[in-house]
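Student: Can we go through the aromatic rings in this one? I have the structure open.
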Amino acid sequence: MSDEPKNTRADQEPQQPQEPQKPSQLQAPSATQATPTGPRPEPIRFFGTTWLNHDGTYTARRVTVTAGSLAALVVSGLVLRLAYEGLQLASVGGFVSILVVIMFATCSALAFGHTWGSFTQRPDPARQSSLRGLLTIGFLGSLTAYFLRSLKEAPGESLHRGEYTTARQQYDRRTAKRTRNPAKRNRS
């Protein structure tokens, strides 16, 4: 083999300089590409902003989220059952077994209530961080609340819809006041 590079077809053809784009060829932003004015809807996890008009893949996403949360609930229940059977095999005693069942039931009930309430009003961030451990232990309650809410709507949709509607009304009122010509105002 020789150390010389092999000639390819691209090397043999002369390179043609590219023409610069003319101003008429440049992409100008059209009216459809303009940034929307006013408040924008806040995306919801797994749904994005399809919840606003129930368009696109909203129905498919709701079915998927409902089935997924139910599957996660069933798998979590099986994992908890295996953990409980592990306690039985370890012969830790009836008192410890009862305490574990009561702890998970109580934490799940509290997590259900907290999660269900967070779909209708924004939770306090300080309270949310202090309840992080309880919500972790009561994951069955959180999954149950998520599953039940997804049967009706995207979880948190009514909260986001109310906030968006309020923000949109306030924006429309502010911009309606600015549409008049201030120079033609009657000064009496």
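Tutor: Start with F112, which is partly exposed at a relative accessible area of 27%. Buried means under 20%, exposed over 50%, and partly exposed in between, using a 1.4 Å probe and protein chains only. This is a predicted model, where local features need pLDDT of at least 70, side-chain atom pairs count only at pLDDT 80 or more, and totals for chains, interfaces and linings use all residues. Residues are numbered from 1 along each chain as its sequence is written, and side-chain values use heavy atoms, leaving out hydrogens and water.

Student: How many aromatic pairs are there?

Tutor: Rings of Phe, Tyr and Trp (its six-membered ring) pair if their centres lie within 6.5 Å; planes under 30 degrees apart are stacked, over 60 edge-to-face, and the rest tilted. That rule gives four aromatic pairs. F112 and W116 are a stacked pair, 5.8 Å centre to centre with 15 degrees between the planes.

Student: Where do F112 and W116 sit?

Tutor: Both are in helix α3 (residues 94-118), four residues apart, so about one helical turn separates them. Helices here are DSSP runs of H or I with at least four residues, numbered from the N terminus.

Student: What kind of pair do W116 and F119 form?

Tutor: W116 and F119 are edge-to-face, at 6.4 Å centre to centre and 70 degrees between the planes.

Student: Is F119 buried or exposed?

Tutor: F119 is buried, with a relative accessible area of 6%.

How values were computed: Helix = DSSP H or I, 4+ residues; strand = E, 2+ residues; numbered from the N terminus.
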